[in-house]
Amino acid sequence: MKHFLKLLDCSKDEIVAILDLADQLKYEKKHNIAHRILEGKSLGMIFQKPSTRTRISFEAGMYQLGGQAMFLTNRDLQIGRGEMIQDTARVMSRYLDGIVIRTYDQQEAETLANYGSIPIINGLTNFAHPCQVMADLMTIREHFAQLEGLKMGFVGDGFNMCNSLIVGCLKAGMDVSVATPAGYEPHPDVLAFAKQMQTEGAKFDISNDPRKAAEHADVLITDAWTGMGQEDEAEKRRQDFAGFTVNHDLLACCKEDVMVQHCLPAYRGEEISDEVLEEHADEIFEESENRLHAQKAVLVTLMSEKYEILG
């Protein structure tokens with residue numbers, strides 16, 4: 001495993017190994033056990049989209065692992081003035097030990113990986129958000145002590161979070177039910193993957209009915225209706241997503257002890273009601289914390305010679 005670009009690239013064993021390492025690193029952090037595994041390593045962080053959780057968790061994670069992280073925007077790099085991503089990849093590979101990129105086009109992350117010689121981590125693109133879904137899977141497994149056989153219901157936009165949740169949850173052995181408004185379905189590549197998984201016995205369905213996705217769900221997940229770069233469409237999206245709010249009425253379709261997850265930021269009263277968010281705040285903010293631990297596990301997996309956990 002050289003890069004972490006999308007969960008479509010990962011095997012179930014690789015996903016589980018990262019989750020196991022994340023659990024270990026979280027335990028060590030909670031018990032003040034130093035794990036400076038990446039002593040002397042440097043991580044470049046290319047951010048073309050703003051962030052709270054991604055930036056802080058990667059910077060703090062590298063510090064806790066003994067390394068350093070450098071935050072870089074378009075103003076700091078010649079990419080913002082037209083330098084080819086291929087050339088940037090070759091240059092940064094000679095200075096750094098790894099790169100996180102948070103951008104719009106998935107192909108930018110793929111190109112960095114193709115032309116660079118160091119590990120590339122996708123911190124979010126319009127296609128995928130693999131780091132967030134690793135934190136989701138970690139949090140769900142902590143809560144239920146397992147992943148296989150659980151039902152994950154997703155209600156909202158079939159965008160990057162939905163794409164990665166479908167792939168990650170199916171690979172982890174979960175049943176997946178997705179509801180999006182018409183015209184907001186997940187990426188065709190993800191739907192093709194889900195269809196293939198169905199032929200191997202996985203349970204997956206997609207509809208335009210939030211209640212179907214929520215029915216008997218162990219975990220109900222949502223995301224903001226309007227992502228970065230979509231602000232001009234915000235009012236139209238509010239209209240299109242009417243009826244897709246995770247509220248008490250929708251939770252009544254789920255299992256009684258349903259777990260609610262939201263990757264944040266949350267727009268209360270839109271994709272999730274204020275009451276539901278507050279009632280499930282412990283789960284949601286544990287999920288947010290687990291970004292730190294899951295991403296540290298990804299960093300160690302890709303950047304440490306001492307921790308060859310994936311074979």
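Predicted model: local features only at pLDDT ≥ 70, side-chain atom pairs only at ≥ 80, totals over all residues.
**Basis.** I number residues from 1 along each chain as its sequence is written, and side-chain values use heavy atoms, without hydrogens or water. Local features need pLDDT of at least 70 and side-chain atom pairs count only at pLDDT 80 or more, whereas totals for chains, interfaces and linings use all residues.

**Aromatic pairs.** I searched the whole structure and found 4 aromatic pairs. Rings of Phe, Tyr and Trp (its six-membered ring) pair if their centres lie within 6.5 Å; planes under 30 degrees apart are stacked, over 60 edge-to-face, and the rest tilted. I looked up W225 and F241, which are stacked at 5.5 Å centre to centre with 20 degrees between the planes. The two residues are 16 residues apart, W225 in the loop between β8 (219-222) and α9 (234-240), and F241 in the loop between α9 and α10 (248-251). Helices (H or I, at least four residues) and strands (E, at least two) are DSSP runs, numbered from the N terminus. F241 and F244 have ring centres 6.1 Å apart and planes at 75 degrees, so this pair is edge-to-face. I record one aromatic cluster of Y184, W225, F241 and F244.

**V155.** I located V155 in strand β5 (residues 151-155), buried with a relative accessible area of 0%. Leaving out residues up to four places away in sequence, V155 touches residues including F244, L220 and L250; contact means heavy atoms within 4.5 Å.

Definitions and conventions: Buried < 20%, exposed > 50% of the residue type's maximum accessible area, 1.4 Å probe, protein only.
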